[in-house]
Amino acid sequence: MGICESYPIYQLGNPQLRIFRPTFNMTLVRPGKEQPPDTVQFRISMEMTKCDVRNYLEKIYSVPVGAVRTRIQYCSNKKRNHLNQRVKRPDYKVAYVQLSKQQTFQFPDIFPEKGKKHEEGSVEEIQEKFMEDERQRQKPDPRRGGVTEWFGL
Amino acid sequence: MAACSRLPLQLFLSTQSSRVISSRKAETATAKHLYPPVLPSRTAKSKSAKRRVLLEFFDQLRGADPQEKIRALTRIQRMKYVIYPQTFALGADKWYQCYTKTAYLSGLPEKFKTSAEVNTDLGPVEQLQSVLGECAYSEIRSTVCNALLQENWYMKKGRTFLYREQEKFVAPFLANLVSGLVNSLVNKNPVLRQSSLDFDPQVNFYWVNGERMIPRGHRSGRIEPRRFQIDDKPHSQIRIPQQLPEFMPLEAEIPAEVPLIHLAPDYLPLFRRQYDNNISTGAKLKDPCQYGHTQFHLVPDKFHIDRLTKKNLADHSEVFQRANAIASLFAWTGAQAMYQGFWSEQDVSRPFTSQAVITDGKRFSFFCYQLNTLALSSLNNPDNPRKNVCWGTPTMCLYERLTDTDVLGWDDAVLKHLVQFLLNRPVS
């Protein structure tokens with residue numbers, strides 16, 4: 001159906017023509033404090049309830065949900081800007097979802113450490129630092145968007 | 001109120017102050033040895049001084065009456081974790097095992113299994129009949145059937161309020177069943193003649209296990225003991241004047257391990273409150289029936305298997321029953337031990353045993369518990385090797401369907417377990 005056309009009036013038994021998608025988003029976050037192995041932590045919209053979270057996960061992602069607990073995190077209104085007006089950091093709601101059927105979840109390590117660090121003051125460390133600075137000097141201006149120096153003044 | 005009094009504990013216990021007692025002990029020591037013993041100070045602001053005060057307080061408690069001991073240990077109110085035996089928390093049985101130092105073994109103890117192993121060719125009916133006799137077995141079976149049909153067929157009952165079906169339909173059935181079975185089996189088990197059958201008793205227990213660091217406040221950074229309280233109200237219980245025999249020896253090797261959980265109890269979730277620290281077996285201390293025999297618990301409507309299956313929590317019903325049995329029986333056996341004068345610094349010298357049956361009218365599960373130690377975190381006995389044991393069966397259905405005047409799909413194994421539990425008697 002286009003934007004200008006309207007849907008026919010719905011009566012019980014008619015086929016479902018419209019699709020209702022939720023306007024919510026859920027963000028999976030790494031827990032700040034260690035949680036039990038079957039608990040997953042989400043940041044959700046302030047208007048969502050526990051039932052919404054459960055239905056969202058079960059119907060859209062088919063995740064078996066055992067229990068949902070929510071809390072609202074208040075963020076500060078204390079910071080002031082250059083006009084001395086208070087600047088509010090927005091509040092957010094956190095949901096702790098316990099999975100059923102003995103499933104567990106461990107938040108993955110998204111930023112694994114790569115390369116080994118040399119010890120402080122050693123020769124290798126100074127060399128590494130020098131090479132790093134050289135590479136930085138040779139890099140082209142990032143504001144040119146990858147275009148070479150040939151096309152310029 | 002007495003609980004809020006600021007009098008020191010020592011004054012409450014004896015007329016002599018502990019300073020006098022300890023100086024007298026030092027005098028007797030000098031009589032034997034050349035130099036007085038080197039002891040840490042009593043009044044310094046140090047850990048050793050605090051430990052010395054505590055140890056002297058524990059020594060004073062050793063000679064006191066059980067009533068005085070319980071009063072001294074539960075007088076001061078502080079924030080404590082309240083453990084609910086019937087809980088919605090997922091995975092609660094592992095956490096409760098950790099806090100009560102209980103190992104869980106599936107199946108019943110050897111005592112109840114040996115009769116089955118000896119007569120493997122006989123079914124449960126024949127075993128029951130051989131133990132009880134033909135007419136006693138038929139009498140028991142008709143008692144149970146009558147109790148079932150009375151609530152479901154003979155009495156006309158309409159629908160009741162939300163979440164109150166169990167108390168209208170199943171609680172009277174269980175009351176009739178228990179009293180009928182006790183009366184039928186009095187001839188076979190003479191201890192039931194002196195027993196006391198309580199309905200809606202209040203079983204409470206208060207204990208300390210482990211330590212926590214206070215995260216914030218004027219006492220932040222200091223170590224505090226972790227206190228727990230159980231307030232349980234079983235449907236009914238049988239108390240007897242002598243103690244049931246042990247299921248396994250006190251120092252025996254237990255094949256299962258106690259699960260260790262290093263997370264704070266708040267993650268279960270367990271909540272903290274401050275109120276009276278009660279310890280009670282369901283009757284006062286002077287009651288002659290001081291030991292426990294069997295408890296009967298009812299599964300509330302909220303935790304009925306149909307409701308849990310709809311919420312995608314079918315495996316929580318087994319967890320719920322195990323958690324209920326572990327918490328209730330630990331509280332009951334612990335209270336029985338405290339009534340005899342044992343506590344965490346004076347550990348039990350003999351194991352305390354009790355049994356429990358958890359039912360929702362149709363499905364039954366049976367649990368046995370043996371309390372081997374009360375010293376879960378004690379100064380005198382820091383690495384206590386003993387642990388408590390809980391045995392349990394999976395859920396078994398007593399019948400499949402009820403029609404008018406008839407019970408279909410009868411399962412005799414359930415009846416056999418019930419009778420075995422009630423025939424368990426103390427060694428005379």
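The legends below describe close-up views of a predicted model. In this model, local features need pLDDT of at least 70 and side-chain atom pairs count only at pLDDT 80 or more, whereas totals for chains, interfaces and linings use all residues. Residues are numbered from 1 along each chain as its sequence is written, chains are lettered from A in the order in which they are written, and side-chain values use heavy atoms, with hydrogens and water left out.

**View 1. Packing of helices α8 and α12 in chain B.** Helix α8(B) (residues 134-154) packs against helix α12(B) (residues 412-423) at an angle of about 105°, and their axes are 12 Å apart. Because of this angle, α8(B) is roughly perpendicular to α12(B) (a term for angles of 65 to 115 degrees). Axes are lines fitted to C-alpha atoms, for helices over the stretch in contact, and angles run from 0 to 180 degrees between N-to-C directions. Helices are DSSP runs of H or I with at least four residues, strands are runs of E with at least two, and both are numbered from the N terminus. From α8(B), Tyr137(B), Ile140(B), Arg141(B) and Val144(B) meet Asp412(B), Leu415(B) and Val419(B) of α12(B), contact being heavy atoms within 4.5 Å. The residues of this contact comprise 5 nonpolar, no polar and 2 charged. Here Ala, Val, Leu, Ile, Met, Phe, Trp, Tyr, Cys and Pro count as nonpolar, Asp, Glu, Lys and Arg as charged, and the others, Gly among them, as polar.

**View 2. Buried and exposed residues of helix α1 in chain A.** In α1(A) (residues 50-60), the buried residues are Val53(A), Tyr56(A) and Leu57(A). These residues lie on the same side of α1(A) because they cover an arc of only 85° around the axis, the arc being that of the directions from the helix axis to the C-beta atoms. Buried means under 20% relative accessible area, exposed over 50%, and partly exposed in between (1.4 Å probe, protein chains only). Exposed Cys51(A) and Lys59(A) are carried on the face of α1(A) turned away from its buried side. The cover over the buried residues includes strands β1 (26-29), β2 (39-44), β3 (65-73) and β4 (92-99) of chain A. Just after α1(A), Ser62(A) takes a positive phi of about 45°.

**View 3. A salt bridge between Glu56(B) and Arg42(B).** The closest N and O atoms of this pair are 2.8 Å apart. Glu56(B) lies in helix α3(B) (residues 47-62) and Arg42(B) in the loop between α2 (18-32) and α3 of chain B, so the pair ties together parts that are 14 residues apart in sequence. Glu56(B) and Arg42(B) are both buried. A salt bridge is a side-chain nitrogen of Lys or Arg within 4 Å of a carboxyl oxygen of Asp or Glu.

**View 4. A salt bridge between Arg239(B) and Asp287(B).** The side chains of Arg239(B) and Asp287(B) meet at 3.1 Å, N to O. The pair links distant parts of the chain, 48 residues apart: Arg239(B) is in strand β6 (residues 236-240), and Asp287(B) is in the loop between β7 (271-273) and β8 (291-298) of chain B. Arg239(B) is buried, with a relative accessible area of 4%, whereas Asp287(B) is partly exposed at 25% relative accessibility.

**View 5. A salt bridge between Asp141(A) and Arg143(A).** The side chains of Asp141(A) and Arg143(A) come to 3.2 Å, N to O. Asp141(A) is partly exposed at 30% relative accessibility, and Arg143(A) is exposed at 76%.

Terms used: Angles under 35 degrees count as roughly parallel, over 145 as roughly antiparallel, 65 to 115 as roughly perpendicular and the rest as oblique.
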